[in-house]
Amino acid sequence: ALSMCGLAKEFQSADDEEKNPWLVSISILRPGRGTEMCKGALVSQKYVLTAAHCFTIDDEADQITVKIGKKNFQVAALKSHPQYTVGKLRNLGIPEFYDYDVALLALRKQVTFSSEARPICLPCTAGTSRALRRPHPQTTCKEHEQELMPGGNIPALFVTPCRDKYLSTLGLRRRTVRIKNGDKKHSCEADAKKAKQYQNVTEVSQVVTERFLCTGGIEPEVDPNTCKGDSGGPLIVAKRMRYIQVGVISWGVVDLCKNNLRIECQNDNDHLEQAPSHARDFHINLFKVLPWLREELREEGLDFL
Ligand SMILES: CO[C@H]1CCN(Cc2c(C)cc(C)c3[nH]ccc23)[C@H](CO)C1
């Protein structure tokens with residue numbers, strides 16, 4: 001049968017990889033200059049979706065290693081979105097520009113799906129129609145967007161490493177945020193100007209384009225924030241125990257984990273360490289990069305609508 005996307009082990013004692021079998025860790029080895037780490041999501045047997053800003057123009061596929069479940073995979077090709085141009089606004093004194101901040105890694109070997117390695121659902125594919133229990137092929141991409149991205153504050157989640165105080169290892173924790181897609185969208189986006197490198201930004205829309213979803217802040221509830229290391233990870237909408245990726249974590253106004261201030265896996269009151277109200281996070285909205293996704297993933301049998 002077609003492999004089912006967005007399915008995970010839900011029982012409490014399942015291990016972190018089984019609870020989030022699509023979450024991958026990406027290491028980019030730069031000889032003499034250390035290793036950069038990013039996150040990504042497995043989206044088919046051969047492709048990982050991540051952020052383009054994880055890579056520099058000089059990075060080659062053979063410098064990249066992807067950890068899926070507990071196995072390491074080599075990369076055959078790195079395909080950043082053609083419209084991603086980090087230096088596009090440099091002449092305006094804006095050092096980093098994150099528009100179209102998405103990339104696909106083609107793995108050298110196909111992943112054998114297991115309880116620890118399974119793809120997440122992508123919008124406007126047959127897998128998401130099935131996950132939403134909607135008829136295929138009758139259900140349209142527009143209907144996916146209406147169901148997954150209605151107006152108002154949309155509950156979503158991202159997964160981030162946590163410090164396990166008993167095992168003193170790193171675990172994974174799901175963090176619930178709200179995508180501000182209603183009357184709070186404007187104020188969410190306005191806080192982009194509070195980022196230290198953005199003091200020359202005169203118009204928010206210069207750095208927060210149509211491609212972005214905005215989370216974070218303290219209204220309607222205190223949202224946890226991403227850290228730099230979460231770059232490239234999936235922003236997920238859960239529907240009846242099925243997980244659909246709607247965004248790629250791109251950038252945040254403040255990096256609260258600078259001195260590796262990890263959240264603890266065990267404690268539950270970590271949300272009480274309230275972040276500043278202007279601590280917002282921005283994610284590339286997958287509904288805004290569908291033509292690129294369709295083109296790059298056309299051979300993966302995902303059956304785009
Ligand atoms: C132009 O600079 C601004 C944008 C990038 N921010 C860094 C950053 C990146 C790159 C990616 C993710 C996921 C982040 N989550 C939190 C911070 C953060 C800096 C602040 O640290 C400010």
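**Pocket, cavity and a buried aspartate**

At least two lining residues of the largest pocket come from each of three strands: strand 2 (35-42), strand 5 (71-80) and strand 11 (242-252). Strand 11 gives the largest share of that lining, with four residues. The model is a predicted one.

The largest pocket holds about 950 Å³ of space. Its lining consists of 36 residues, and those nearest the pocket centre are His53, Val86, Glu96, Tyr98 and Lys228. Sorted by residue class, the lining contains 17 nonpolar, 10 polar and nine charged residues.

With a threshold of 30 Å³ or more, the count is one cavity. The largest cavity has a volume of about 30 Å³. Around the largest cavity lie Leu23, Lys39, Phe158, Val159, Asp230, Gly233, Pro234 and Ile249. Five residues of this lining are nonpolar, one is polar and two are charged.

Asp101 sits in the loop between strand 5 and strand 6 (103-107). Asp101 is buried, yet it has no salt bridge. How far away is the nearest side chain of opposite charge? That side chain belongs to Lys228, at 10 Å, whereas a salt bridge requires a nitrogen-to-oxygen separation within 4 Å. Lys228 is also one of the residues nearest the centre of the largest pocket.

Note on methods:
Residues numbered from 1 in each chain as written. Predicted model: local features only at pLDDT ≥ 70, side-chain atom pairs only at ≥ 80, totals over all residues. Heavy atoms only, no water. 1 Å grid on protein atoms, 1.4 Å probe; cavity = no way out; pocket = protein on both sides within 12 Å on 5 of 7 lines; lining within 4 Å. Points joined across faces, edges and corners; volume = space filled by probe spheres on them. Nonpolar A, V, L, I, M, F, W, Y, C, P; charged D, E, K, R; others polar. Buried < 20%, exposed > 50% of the residue type's maximum accessible area, 1.4 Å probe, protein only. Lys, Arg positive; Asp, Glu negative; His and termini not counted.
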